[in-house]
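Grab a viewer and work through the exercises below, each with its solution spelled out step by step.

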Amino acid sequence: MAEINETVSRTFDEYLLLPGLTTKGHYPEQVSLKVPVAKYRPGKEEPYCLGIPFTSAAMQSVSGPDLAIALARKGGCSFTFCSQSIEEQAAMVRKVKEHKAGFVDSDSNIAPDDPLSKAIALSKKTGHSTIAVTEDGGRHSRLLGILTDKDYWETKDDPRLPVRYYFTPLERLVCAKEGVSLEEATEILHKEKKECLPIVDDSGNLASLVFRKDYFDHKANPLELTDEKKRLFVGAALNTHDYLKRAETLIEAEADLFCFDSSDGYSEWQKDAALQLRDRYGRKIILGGGNVVSADGFRFLVEEADLDFVKVGIGGGSICITREQKGIGRGQASAVIEVAAERDRYFQETGIYVPICSDGGLNNDTNIIMALALGADFVMMGRYFAMTEESPTPKVNYRGMLYKPYWGEGSSRARNWQRYKESDKDEDAMFFEEGVDAYVPYSGSLADKVDTTLAKLRSTMCNLGVLSMDKLHKNARAVRVSAMTLVESGTSRVEQFERMPTEKL
């Protein structure tokens with residue numbers, strides 16, 4: 001007969017945290033939310049970190065380039081989805097890397113004899129108001145000048161005239177030589193009171209651009225997650241089918257972080273794929289995997305597959321029906337607790353700390369906090385981000401309320417057969433769905449949503465008497481709750497009225 005595990009499969013809603021001593025030094029501004037995202041040896045190596053413990057799920061309805069940009073600016077990381085062509089996924093990664101950096105590789109360029117109408121169309125297409133005028137219109141050819149939206153009036157100037165009649169020529173620009181540091185470039189912009197600083201090589205060819213607004217934008221987002229070139233950080237999902245070619249192309253596009261996207265990662269397919277990537281790229285890439293819900297699943301991926309982090313959770317997502325369809329999975333709290341305990345045992349044995357990511361089962365901000373307190377280093381979320389302005393789906397108005405489409409990678413709409421089938425036979429075949437096609441209420445900008453959640457997390461950590469994520473793991477104390485505790489936790493025995501706009505407290 002089957003082996004029966006008599007422990008109950010539990011969710012985050014079944015726990016509450018007990019307060020710790022809050023000292024006078026515990027206030028939200030002092031809380032650090034940095035978390036490791038790759039395995040390391042504490043005390044011997046510096047961990048590779050996220051600025052906040054948030055990542056977005058590798059889903060078609062969630063992680064487009066706009067959301068990846070917005071999340072990286074807040075300190076998190078988005079995983080571009082692999083249920084698309086390799087070229088399309090690489091283009092997403094490049095869009096994020098080129099969005100904003102200390103040194104921007106110009107993607108808006110024009111030749112001096114091109115008509116003004118072409119420049120106007122280019123500006124509308126890219127959304128960039130600054131266009132580099134180069135000898136042949138190439139991004140790295142000889143710089144002749146700069147055209148901005150202040151150099152012409154679209155409604156008054158003749159769009160048929162060549163750009164040379166409008167742009168600011170090179171002799172009137174302030175430029176810097178290639179090799180200048182970002183700090184030096186910023187000082188030049190400040191001293192010369194300029195908005196843009198072209199960087200040119202010894203032959204006068206355009207190398208890059210540095211913008212004044214990027215400096216202030218970075219100051220407004222102090223946790224912004226960037227690479228060594230000050231470009232925004234972005235992750236990429238891989239499957240276990242075309243992973244070699246996909247990884248090669250995504251590495252060329254300069255993705256920062258990789259993760260296998262699979263509903264069940266406790267498999268030799270994922271092990272073989274991981275080891276082949278390790279053999280080819282060594283430790284040059286950060287590679288995560290999953291998903292698992294048990295201690296032996298964690299051990300397999302860490303010891304056999306040599307992964308840098310492990311995702312935890314099967315069937316807990318709001319649009320996931322794996323448990324219903326196949327009868328496998330586990331309550332997300334139970335899964336995180338067991339895997340976190342095994343991670344800690346592995347650390348005691350080897351001195352190597354392997355971060356774990358809680359993926360799924362996060363229905364509200366309190367669930368997010370609980371996942372982190374129970375041992376997750378960071379969380380991966382789909383629904384949470386699908387609701388935001390920056391997710392790639394259009395807003396839909398239904399009965400006066402705004403919604404956004406949201407579908408699972410295991411749905412017929414996604415047709416992501418690579419995530420759920422291991423066999424190479426019957427490609428493109430999905431015999432049953434493991435995800436649904438639905439709608440979620442629109443929640444506004446990602447920045448506002450994340451700021452609210454982080455404020456709650458920081459406040460909770462102060463209540464627990466901790467100021468860092470590792471202290472949260474060590475010092476958090478959780479208690480099981482009864483059904484009546486849940487009733488007591490909400491509002492009760494009161495009548496709530498909607499306050500009029502002019503009514504004051």
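**Exercise 1.** Which residues lie nearest the centre of the second largest pocket, and how many residues line it?

*Solution.* Some ground rules first. Residues are numbered from 1 along each chain as its sequence is written, and side-chain values use heavy atoms, with hydrogens and water left out. This is a predicted model, where local features need pLDDT of at least 70, side-chain atom pairs count only at pLDDT 80 or more, and totals for chains, interfaces and linings use all residues.

Step 1: a pocket is an open set of points on a 1 Å grid over the protein atoms alone, where a 1.4 Å probe fits, with protein on both sides within 12 Å along at least five of seven lines; lining residues have an atom within 4 Å of a point. Here 23 residues do the lining, and Tyr 40, Tyr 353, Asp 470, His 473 and Lys 474 lie nearest the centre of the second largest pocket.

Step 2: strand S2 (35–36), helix H10 (332–350) and helix H15 (469–475) are the elements that give two or more residues to this lining. Helices (H or I, at least four residues) and strands (E, at least two) are DSSP runs, numbered from the N terminus. H10 gives the most, with five residues.

Step 3: by type, the lining of the second largest pocket has twelve nonpolar, five polar and six charged residues. Ala, Val, Leu, Ile, Met, Phe, Trp, Tyr, Cys and Pro count as nonpolar, Asp, Glu, Lys and Arg as charged, and the others, Gly among them, as polar.

**Exercise 2.** Describe the largest pocket in the same way.

*Solution.* Step 1: about 1,100 Å³ of space lies in it, a volume being the space filled by probe spheres set on the points, which are joined across faces, edges and corners.

Step 1: the largest pocket has 35 lining residues, and His 128, Ser 129, Thr 130, Phe 211 and Lys 213 lie nearest its centre.

Step 2: elements that each supply at least two lining residues include helix H3 (116–126), strand S12 (206–211) and helix H5 (212–220).

Step 3: its lining splits into ten nonpolar, ten polar and 15 charged residues.

**Exercise 3.** Why is the pair of Phe 79 and Phe 309 tilted?

*Solution.* Step 1: rings of Phe, Tyr and Trp (its six-membered ring) pair if their centres lie within 6.5 Å; planes under 30 degrees apart count as stacked, over 60 as edge-to-face and the rest as tilted. That rule gives ten aromatic pairs.

Step 1: the ring centres of Phe 79 and Phe 309 are 6.4 Å apart and the planes sit at 50°, so this pair is tilted. It links strand S5 (residues 77–80) with strand S16 (residues 309–312), 230 residues apart.

Step 2: Phe 79 is buried at 1% relative accessibility, and Phe 309 is buried at 0%. Buried means under 20% relative accessible area, exposed over 50%, partly exposed in between (1.4 Å probe, protein chains only).
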